[in-house]
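Colleague: Thanks for sitting down with me. Could you show me the model, so that we can go through its ligand sites together?

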Amino acid sequence: MLVAQVATDVAAGKAFDYEVPPALAGAVVPGAVVRVPFGRRVLEGLVLAVSDRTDFPGALRPVLGAGGGPPPLTPALLELARWMAAYYLAPIELCLRTMLPPAVRDGADGDGFARVRVVRAARRDGGAGGRRETAGTEGTAGTTGAEGRPEQGTFDFSGKRKAAERKARAPRAEPTARQREILERLGDGEEILAGFCRTWRIAPETIRRMAEDGLVVVEDRVRRRDPLAGRRILPSAPLPLTDEQTAALALVREAIDAPADGPAPRPVLLHGVTASGKTEVFLQAIAAVLERGRGAIVLVPEIALTPQTIRRFVARFGGVVAVLHSRLGAGERHDEWHRIRSGEARVVVGPRSALFAPVERLGLIVVDEEHEPSYKQDETPRYHARDVAVVRARIERCAVVLGSATPSLESWRNAALGKYALATMAHRAADMRMPSVSIVDMREETARAGGKLPAFSETLVRAIRQRLDDGEQTMLFLNRRGYAPTVSCPACGHAETCDECSVGMSYHIDDGVLRCHVCGAWRPVPRVCPCCGNPDYRFTGVGTQRIEAIARRLFPGASIDRMDLDVTTRKASHEEILSKFRAGKTDILVGTQMIAKGLDFPNVTLAGILNADTGLNLPDFRAAERTFQLIAQMAGRAGRGAKPGDVIVQTLSPDHPAIVRAAREDFAGFAEGELRERQELRYPPFSHFDCVTFRGTDRAAAEGYAVRFAAAIGEGDGEAYVLGEPAPAAIERAKGVWRFQITLRGARPAVLNERLRAALAAVPPPASVGVAIDVDAYGAG
Ligand code: ADP
Ligand code: ZN
């Protein structure tokens, strides 16, 4: 008896055994979608494995049906899903769900392809005069002669296909004048039926009769929904490489060509300063992979997945590139996915979820900007795409290259330990010089301004003026949107906070309201203070809107634009703002992290970081690392053209190592000091760091369970793991839900997982408390 192990969406973390009826034996293979009975329902599930035995003591229920075609998941992806389920303590069905785009998963109505109905003139036979019917099937095959294969009977206006075929074989009259006119309009081409009828004012009924008479052929065609449709992209040729690029490519090629019977190749960490030409190395490595008949996946942080990025890959590889990202429609995603599954597309570019693209004969995975936090998924399964990429590469025995100007300390240490091969590119390609970074001590600026912290230092103002005079562009970065983050009453000190979240409301001048950045709730600014009746409110702190307003005052006549979540969700799109900036219509672009990542504008010669301390003050062991990355990234935005660039960093802690080292572009020096501290405190990369969050609308229940859970884990001897005290999350209450956390760190992930599983089993959570386990958490948050 054949037994299929099937995971369904409802069977929390478990797969069930089903009997495979002999008739379905060919279709029920690992990775296939099947229909199975579950209780009194019929569910869709994925086949994890097929064997000839079961541990289930009773009679197995049968698989009811199976999807045709190649199974949606390759064997390698199935293995990867199992690994993820075990490593991230996530139910297997959620891991499988994560791997399939919704449009592929829910093939409920049909196969998910879009079809379009087309019409064309039926072929002429070789004989004299009129046209002959070819709309029929077998009967007319012999008469089509050298013109080609017979048509399939695809005509199905309101189910009249059979009649049409019958009639088509009957002798027929000469076309009328109107019909001849229509045939002429069609010529040798094929037209989309609806559009053709509309344009020439033809009644659909007329076409239907012509099809019945065999004058025209009407059929449905799969129409690919192409995310790049309408874009003209000029092909690009490989650039001659610099010495550093050549050495880096050689290392990647060595991994690509690792013998199939040897050990899996080592991942390559490509540490290259911004604009050192990492992308060109990726492109040429992909070319090598394609030459060997294999495929590649390129992961890019969602925010950097701009048309500009996509264009570089399409320009080099054309139609074999598939793009997957969240802004695609479900249909486009479905079609791109199937182009990958069928092997038509062999280079996949996308954000973290593109890691699960069903590329067969995978030769290379690229993780660009590997240090980016957005590679971590913040819902179950809480996987890190960089880490899972390394595992997938091991399973598929393919090359993996991690690229960054500021590698994560995890990868940096793996390179130091020799687990990863390291390639270094310390110079910018194409004669671009590194920008100079200067630090402005805002304590001095405050003293000079009479004790009030100014938003713009004199140094920054002067530098911007210079750019305006020279017709060059400036980017200003501030990690906070809105106008002012704090709104309070100067008389009694009352501060406006969100009703549902434990955070203050920010003032947004665009629409004149208070907004919660956690839940999005908004309300008007009160006319008087609800506590003391004072009519004056004080708006403290600065957000991007205020920076924009101050910049307009300081630089009248300059054209100033802003890019943050408020703008891109309401007014103009990301792309509109950027193309205006690229065209040089904007002198100064103010923005949040959206402007810090991956953008490449040759005329930007100044990047200003208005408050480098925001990140440093967070209670997060990665605070210094994040700050270093931010400065390096902003430095990467400046001076990418012929002219050198400047970066100005405003800070109240000008001596902080992250800031000092970043200004000197000294990643290695920063990493050395930071690693020493992490080692002392046993933080990653010297341990694995897990964070468990307990949530509930009942504060006492959530907190009480956190305490019991921590007790169930047990203090331990401090050797195998370190358990953090249960504590409120950084945002203790969000959308009305209270959140408490514990952290757990230790050298061996298996030990941590065992403790977590044991605690869950010992004290199962009450119904009112949700538990979210984040393995290898980016931080406690
Ligand atoms: P990174 O990905 O490291 O930030 P890019 O690959 O975007 O760097 O390269 C930065 C710029 O340098 C791009 O405009 C690219 O076309 C150019 N470039 C890269 N490699 C070369 C090369 N070998 N010769 C000339 N120009 C290059
Ligand atoms: Zn809120």
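Colleague: Which of the 17 residues around ligand 1 come nearest?

Modeller: A word on the basis: this is a predicted model, where local features need pLDDT of at least 70, side-chain atom pairs count only at pLDDT 80 or more, and totals for chains, interfaces and linings use all residues. Residues are numbered from 1 along each chain as written, chains are lettered from A and ligands numbered from 1 in the order written, and side-chain values use heavy atoms, without hydrogens and water. A residue is near a molecule if one of its heavy atoms lies within 4 Å of it. Of the 17 around ligand 1, the nearest are P240, Q245, K278, T279 and R312.

Colleague: Which residue has a polar side-chain atom 2.8 Å from an oxygen atom of ligand 1?

Modeller: Polar contacts here are pairs of N or O atoms within 3.5 Å. Q245 places a polar side-chain atom 2.7 Å from a nitrogen atom of ligand 1. The contact to an oxygen atom of ligand 1, at 2.8 Å, comes from the side chain of R312.

Colleague: What arrangement do the 4 donor atoms around the zinc ion (ligand 2) have?

Modeller: Donors are N, O and S atoms within 2.8 Å of the metal (3.2 Å for Na, K and Ca). Here they are the SG atoms of C498, C501, C516 and C519, at 2.3 to 2.4 Å. Four donors count as tetrahedral if all angles lie between 85 and 135 degrees. Because the angles around the zinc ion (ligand 2) are 107 to 112°, the arrangement is tetrahedral.

Colleague: How are the donor residues of the zinc ion (ligand 2) spaced in sequence?

Modeller: All four donor residues are cysteines, C498, C501, C516 and C519. Their spacing in sequence is C-x2-C-x14-C-x2-C.

Note on methods:
Four donors count as tetrahedral if all angles lie between 85 and 135 degrees; four count as square planar and six as octahedral if opposite donors are over 155 degrees apart and all others between 65 and 115; anything else is irregular. A polar contact is a pair of N or O atoms within 3.5 Å; within protein, one must be able to donate a hydrogen and the other to accept it, and residues adjacent in sequence count only if both atoms are side-chain atoms.
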